[in-house]
Structure formats: structure tokens, C-alpha cells
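Here is a short briefing to read with the structure open beside you. Look up each residue as you meet it.

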Amino acid sequence: MTIGTAGGGAATAVPAMIAAVEHFNDNTDYDFALWQGLLGGPVGSCAVSTRFESYGEYTAAMQEMNARPDTLAVVGPVTEVLAGGPEDSVWSIIHAAGDVSEVPNTVANIINRFDIEQMPAAVAQAIDFADFTHELSGTPATVCTSIWGTGPTVRIIWGYSSVTDFEQRTEAAMASPAFAEKVAANASGPRPADSQSGVAIRIA
């Protein structure tokens, strides 16, 4: 879920959102993480993420939580600093390169939306590229897909220990001749209708 902030901006919003994330972590079986965008989104934007096996079970649990008075009390201050309605999406993890069992401190991601008929080739290319970058730099990578609410979309998420780690690994990988060769080889593959990239740090 991506959340834009208004009013007092991030300085006001972040403490309220940290309190809300801690409340849900303490009162559900889900582990939520709070992210603050550094690159690729409006300044002050935050996002909340979690992993689950069943979207139906997750939705039912959230409906139950959101009906509780204590939840409403915690979430109320968050709604006061929103710049607009949050955007939500659900992603299916279809491939992992390296150990992605732990939530990283910093993530970089590329999100590409394709015409539906290009999805099989786009997924295959994303898996190949995730494996390639992991072998090249040692960076864990996750390939995800989504359709509902996003359109046919493929996402690669790379995890890092810090922003410095992201910078060093990315620069080293992109300076490699093998990276240039891989990008050139992929030029003849599926072309996204829309592409986004971003970097975020975990703050809770």
C-alpha cells in the first residue's frame, strides 16, 4: 500500500504510521513493514507491506481489525495526514534469487506493465534478469507479478542492507561488461507499455 502525505508532511505522518504498523504487528499474525520512498515517488510518500499465503484470509483479518475501537483510535491520526486515498496492490512471488527470507533494510525495484499477451515472455525475462543480477552482485532479488488493480505487471525487487550497499552493488554491477551485454540481449524482448523504478528504506 502506497501512502502520500499532506498537512505536516512526513514529519507528522511517519510517527502516526509507525504507531499504526506496530499496532497491527502486535495484534495480528502478519508482519508489516513501513517504508519511506527515497527515489521514484513524491517526496514524503510511504508504503506498508506484508506477506501472506491467502488474500481472502488476510482481507478477513483486516476487516476484523479495522472494526475494533483501538484500531480506529490508532489509524485516525494517519488518515488526517493523507494526501489522498492510498493505492493498494497484491503481488504474487513467483521466483527468488538468493535468500529473501528476511525483510531487507533498503529495496530497489523496477515495475513494468505489459500487454497481456507479452506476460509469459516478460516473466521469463524477469526471472533470467533477477538470476543474472544475483550472480553478478550477490544481491537477493524477488520476481513478482500482479494483474488486479495494476494491469498485467512484472516487478523485480532487490534487497540491500543499506542505501550505501545499494549504491555500491548497483554501480559495480552496471560497470560490468556482462551487464551491458545482458541489457543489449534483452532489447529484442518484450517492451513494457509503462515502466517505473524506485528506492525505499524500511523505517519500521
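**Charges over rings**

Lys182 lies over the face of Phe132, 5.3 Å from the ring centre. Arg155 lies over the face of Trp91, at 4.9 Å from the ring centre. This is a predicted model.

**Helix H4**

- Helix H4 covers residues 119-137, which is 19 residues.
- From first C-alpha to last, H4 reaches 26 Å, close to the 27 Å expected at 1.5 Å a residue.
- Several residues of H4 are buried, among them Met119, Ala122, Val123, Ala126 and Phe129.
- The buried residues of H4 pack against strands E4 (92-97), E6 (141-146) and E7 (153-160), and against helix H6 (177-186).
- Just after H4, Gly138 takes a positive phi of about 80°.

**Phe129, a residue of H4**

- Phe129 is found in helix H4.
- Is Phe129 buried or exposed? Its relative accessibility is 14%, under the 20% cut-off, so Phe129 counts as buried.
- Leaving out residues up to four places away in sequence, Phe129 touches Ile156, Trp158, Phe179, Lys182 and Asn186.
- Phe129 and Val183 are 54 residues apart in sequence, yet their C-alpha atoms are 9.0 Å apart in space.

**Nonpolar cores**

- In soluble globular proteins, nonpolar side chains tend to be buried together.
- The largest nonpolar core here has 19 residues.
- Those with the most contacts inside this core are Phe129, Ala141, Val143, Val154, Ile156 and Trp158.
- Which elements give two or more residues to this core? They are H4, E6 and E7.
- H4 supplies the largest share of this core, with 7 residues.
- Val143 has contacts beyond its sequence neighbours (up to four places away), including Ile93, Ile94, Ala126, Ala130, Val154 and Ile156.
- A second, separate core has 17 residues, including Ala16, Cys46, Val48 and Met62.

**Aromatic pairs**

- How many aromatic pairs does a search of the whole structure find? It finds 10.
- The rings of Tyr30 and Tyr58 have centres 5.2 Å apart and planes at 90°, so this pair is edge-to-face.
- Tyr30 sits in the loop between helix H1 (10-27) and strand E2 (33-39), while Tyr58 sits in helix H2 (residues 55-66).
- The pair therefore ties together parts that are 28 residues apart in sequence.
- Tyr30 counts as buried at 15% relative accessibility, and Tyr58 counts as buried at 16%.
- Tyr160 and Phe166 also form an edge-to-face pair, 5.4 Å centre to centre with 80° between the planes.
- Both Tyr160 and Phe166 are buried.
- One aromatic cluster is formed by Phe24, Tyr30, Phe32, Phe52, Tyr55 and Tyr58.

**A buried asparagine**

- Asn112 lies in strand E5 (residues 106-113).
- With a relative accessible area of 18%, Asn112 is buried.
- Which side chain does the side chain of Asn112 meet in a polar contact? The partner is Ser195, at 2.6 Å.
- Setting aside neighbours within four places in sequence, Asn112 is in contact with Pro152, Thr153, Val154, Pro192, Asp194 and Ser195.

Technical notes:
Residues numbered from 1 in each chain as written. Predicted model: local features only at pLDDT ≥ 70, side-chain atom pairs only at ≥ 80, totals over all residues. Heavy atoms only, no water. Phe/Tyr/Trp six-rings, centres within 6.5 Å; stacked < 30°, edge-to-face > 60°. Helix = DSSP H or I, 4+ residues; strand = E, 2+ residues; numbered from the N terminus. Buried < 20%, exposed > 50% of the residue type's maximum accessible area, 1.4 Å probe, protein only. Lys NZ or Arg CZ within 6 Å of the ring centre and 35° of its normal. Polar contact = N/O pair within 3.5 Å; in protein donor to acceptor, adjacent residues only side chain to side chain. Contact = heavy atoms within 4.5 Å. Expected span 1.5 Å × (residues − 1). Core = buried A, V, L, I, M, F, W, Y, C linked by side-chain atoms within 4.5 Å.
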